[in-house]
Amino acid sequence: MHERDKFELLLNRVGYTRRMALKGIAGKWSIKDILSHVWAYEQFLADRMHEILHDQPYTPCKTQTALDAFLDEFGYPDFGSPLLDEEAPIEWVIEKYKNVSLDDVVSQELQAFSSIVTALEKMSEGSIHNHNIYNRAAKHTYEQYRGYTHAIKRWLKTNGIQLK
């Protein structure tokens, strides 16, 4: 939660909506693109946690057909699949969300994060341990925030934008 608070504070301090849509924050991405990427990973985790809570199995996709079906069902790539490389699913998410409003992206990302917190509160310590939830949550949440925080701060400094 501490890392999440720092990430949200930074985003709030960036300010103007137009800044959120400017490309070049992290490579060619905007803050909106970053939030789309964060959303996809958080939603992936939230859905897997929901499956754990309801004793539903998850098996990473092992064929292209299965990957396509997963994408159709969930609306994001199967990040657990060994068939995916690092960049392709991220580019797909950013392309999918390029015409979605910033407000909608923010709303969906906040909902995904909230779902993770709610699921975590409902899980037993045994289930958390057995499913390696703490490490998985770190990978899909605050490790993402930390990496993007550095990129956003660097971009702000490079462009002479003072944090409010």
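Residues are numbered from 1 along each chain as its sequence is written, and side-chain values use heavy atoms, leaving out hydrogens and water. Because the model is predicted, local features need pLDDT of at least 70 and side-chain atom pairs count only at pLDDT 80 or more, while totals for chains, interfaces and linings use all residues.

**Stop 1: helix 3**

Select residues 31–53, which form helix 3 (helices are DSSP runs of H or I, at least four residues, numbered from the N terminus). Of its 23 residues, 21 are buried (under 20% relative accessible area with a 1.4 Å probe, protein chains only; exposed is over 50%, and partly exposed is in between). At the start of the helix, look for a side-chain oxygen of S30 within 3.3 Å of the backbone nitrogen of K32.

Beyond neighbours within four places in sequence, R48 is in contact (heavy atoms within 4.5 Å) with Y58, F70, F74, Y76 and R136.

**Stop 2**

Move to helix 5, residues 87–97, and highlight the buried P89, I90, V93, I94 and Y97. They sit on the same side of helix 5, because they cover an arc of only 135° around the axis (taken from the directions from the helix axis to the C-beta atoms). The buried residues of helix 5 pack against helix 3 and helix 6.

In helix 6 (residues 102–122), click on L102. Leaving out residues up to four places away in sequence, L102 touches T17, M20, K32 and L35.

**Stop 3: salt bridges**

Next, display the nine salt bridges (a side-chain nitrogen of Lys or Arg within 4 Å of a carboxyl oxygen of Asp or Glu). Start at E3, which is buried at 15% relative accessibility. The side chain of E3 meets K6 at 3.4 Å, N to O, and R146 at 3.3 Å. The R146 pair links distant parts of the chain, with R146 in helix 9 (residues 142–158) and E3 in helix 1, 143 residues apart.

Then select D33 and K23, whose closest N and O atoms are 2.6 Å apart. D33 lies in helix 3 and K23 in the loop between helix 2 and helix 3, so this pair ties together parts ten residues apart in sequence. D33 is buried, at 3%, whereas K23 is exposed, at 52%.

Technical notes: Helices (H or I, at least four residues) and strands (E, at least two) are DSSP runs, numbered from the N terminus. A polar contact is a pair of N or O atoms within 3.5 Å; within protein, one must be able to donate a hydrogen and the other to accept it, and residues adjacent in sequence count only if both atoms are side-chain atoms.
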